[in-house]
Amino acid sequence: MAIVLEITNLSVRFADFFALQEVGFTVESGEFVAIVGPNGAGKSTLLRVLLNLVPNYQGQVNLFGRPLAQVSPDWLGYVPQFKTMDRRFPAQAIELVTTGLSRIWPWKVDSGSQQKAYAALQQVGAEHLAKRAIATLSGGELQRVCLARSIVREPRLIMLDEPATGIDTVGESDMYNLLEAYQAKSGATLLMITHDWHAATHHADKVLLLNRRQISYGSPQDALNEQNLRTAFGHIGHEHRLKSRYDNNV
Amino acid sequence: MQRALIGGILISLLASYYGVFVVQRGLSFMGSGLAHAAFGGVALGLLVSIEPLWIAIPFTILVAIGITWVKERTDLSGDTAIGIFFSVSMALGIIFLFLHQNYSDDAFTYLFGSILAISWLDIFMAFLLLLVSATTIPLWRNWAYSSFDRELAISDRLPVKRDDYLLAVLIAVTIVVAIKLVGIVLIAAFLIIPAATARQLASTFRMMTLFALAIGIAGTVAGLLISFYLDIPSGAAIILIQAVLFFSAMLLNHNR
């Protein structure tokens, strides 16, 4: 299978602090990869590098066989954490979705964009939310709209930042079903940040376990074995919980 | 009065337009900071007997660029960066005014605004700025996107840094041009209130922009007429009318 993402010796340094150190892995086309690690492990920094938000990094990052600067944003879908969004911004859901098409805020949504935006909303079961103000959407509803925003441009790679945070269990299950259905239909590659290794075990093809350094990368069973989890999470005082969580997972 | 009305409408269009970005980005303090920076420039102009506008415009632009630069290069919040430039410019302005003999009349005009002080030069400057702003209308979509989410806009490869600097410069010039009408003390409100009022009524950013323009013009014209007939400072009259519109919109929004 074609390689979508190839990272070699990636390090990101803020002043005298390494947010990421010597990370390297490859992702093949059509894979669902979860990036797992404790708070402060560098998961978001890694995603920010891929989104062109961290200009100063060391190492090599190739997307679709090209350096980041040459990658068209049209190939990339991004679902940010909905909690980081400014929900006071006066906007309707359909306007937010069309930013995925035009990569700019619409003065007025034209009929062509409207049609595509409705189709994307329909795919995530949210066409009834099109004219709603984003301020009035629940977390799960906004997450669906953000997902529609990312798939409307038919990207080859979708990056998701903690997509299940703040969503109830049913909403979380719905979201994974939608993601997997979209992936089956489009063949897109998925890269998802999560702190929930249970979700990673059940939904991802591969897991990257991070704690500033790369702890492991491979199938969920191999990457999330007890020793690796202890290395990633143990030092921050979670030992007493690790065993039971790990036993539950396996 | 005719000059004041023409100037007032032009200036309120500019202030209301840029005000929507100021309000939505949570930069309300920036209006105040730049107005006080303009005070430093105006005072220097008065001291050296040069038209204050010629000094205040570059002075305020430099401060706007400085604020944006400090915000970008440090971990300091926008408010802190603005606060530093605000105080330095104010301190310079006080010293310049102190060194200038018989400054009280001029200073009063610039501090509180006066319709009698609006000259054809001010109107020409406002018109010129309106023309420049008209050429940046396509950038509304960039500024709106980065106002909603700066990182999304950067990840979609918009030139957000360039756009931010340009917006800061245009806001700075708008503030300087509006000083004689509204006064340094009240200019921040002139920038913010129409946009904040529009925000209460609009469901989209486009509607917010259009409402802000209409509310800005209505408040300015009504305020100028009241200022003229009651012989009170124009800035205070405009801001009070705008405040009435704001609270009315708030009540309307609450009752919907």
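**Chain B and its helix H7**

Biologist: What do the buried residues of H7(B) pack against?

Modeller: In this predicted model, the buried residues of H7(B) pack against helix H2 (93-102) of chain A, and also against helix H1 (2-24), helix H8 (150-155), H9 and helix H11 (205-230) of chain B.

Biologist: And how many residues of H7(B) are buried, and which ones?

Modeller: Seven of its 10 residues are buried, so to speak mostly covered, and these are B:Asn142, B:Trp143, B:Ala144, B:Tyr145, B:Ser146, B:Ser147 and B:Phe148.

Biologist: Take H9 for a moment; at what angle does H7(B) pack with it?

Modeller: Helix H7 (residues 139-148) of chain B and helix H9 (residues 160-182) of chain B pack at an angle of about 105 degrees, and their axes are 10 Å apart. Angles of 65 to 115 degrees count as roughly perpendicular, and H7(B) and H9(B) are therefore roughly perpendicular to each other.

Biologist: Which residues meet there?

Modeller: From H7(B) there are B:Leu139, B:Asn142, B:Trp143 and B:Ser146, which meet B:Val160, B:Asp163 and B:Leu167 of H9(B). Sorted by class, this contact of H7(B) with H9(B) has four nonpolar, two polar and one charged residues.

Biologist: Changing topic, what is chain B built from overall?

Modeller: Chain B has 12 helices and zero strands, and buried residues make up 53% of its 256 residues. Among the contacts in chain B with a separation of 6 or more, 75% are between residues 24 or more positions apart.

Biologist: What does the radius of gyration say about its shape?

Modeller: A compact globule with 256 residues would have a radius of gyration near 18 Å, and chain B has 18 Å, which agrees. Along its principal axes, the C-alpha trace of chain B spans about 55 × 45 × 30 Å.

Biologist: How many residues does each chain bring to the contact between A and B?

Modeller: Chain A gives 20 residues to the contact and chain B gives 21 residues. On the side of chain A that touches chain B, the residues divide into 13 nonpolar, three polar and four charged.

Biologist: Where is confidence in chain B lowest, and where is it highest?

Modeller: Within chain B, confidence is lowest in helix H5 (residues 104-112), at a mean of 72, and highest in H7(B), the helix we began with, at 95. The mean pLDDT of chain B is 87, with 96% of its residues reaching 70 or more, and the model scores ipTM 0.84 and pTM 0.85.

Methods: Residues numbered from 1 in each chain as written. Chains lettered and ligands numbered in written order. Predicted model: local features only at pLDDT ≥ 70, side-chain atom pairs only at ≥ 80, totals over all residues. Helix = DSSP H or I, 4+ residues; strand = E, 2+ residues; numbered from the N terminus. Rg over C-alpha atoms; globule rule 2.2 N^0.38 Å. Buried ≥ 20, exposed ≤ 12 C-beta atoms within 10 Å, placed from the backbone. Contact = placed C-beta atoms within 7 Å. Nonpolar A, V, L, I, M, F, W, Y, C, P; charged D, E, K, R; others polar. Axes fitted to C-alpha atoms, helices over the stretch in contact; angles between N-to-C directions. Parallel < 35°, antiparallel > 145°, perpendicular 65-115°, else oblique. pLDDT = per-residue confidence, 0-100.
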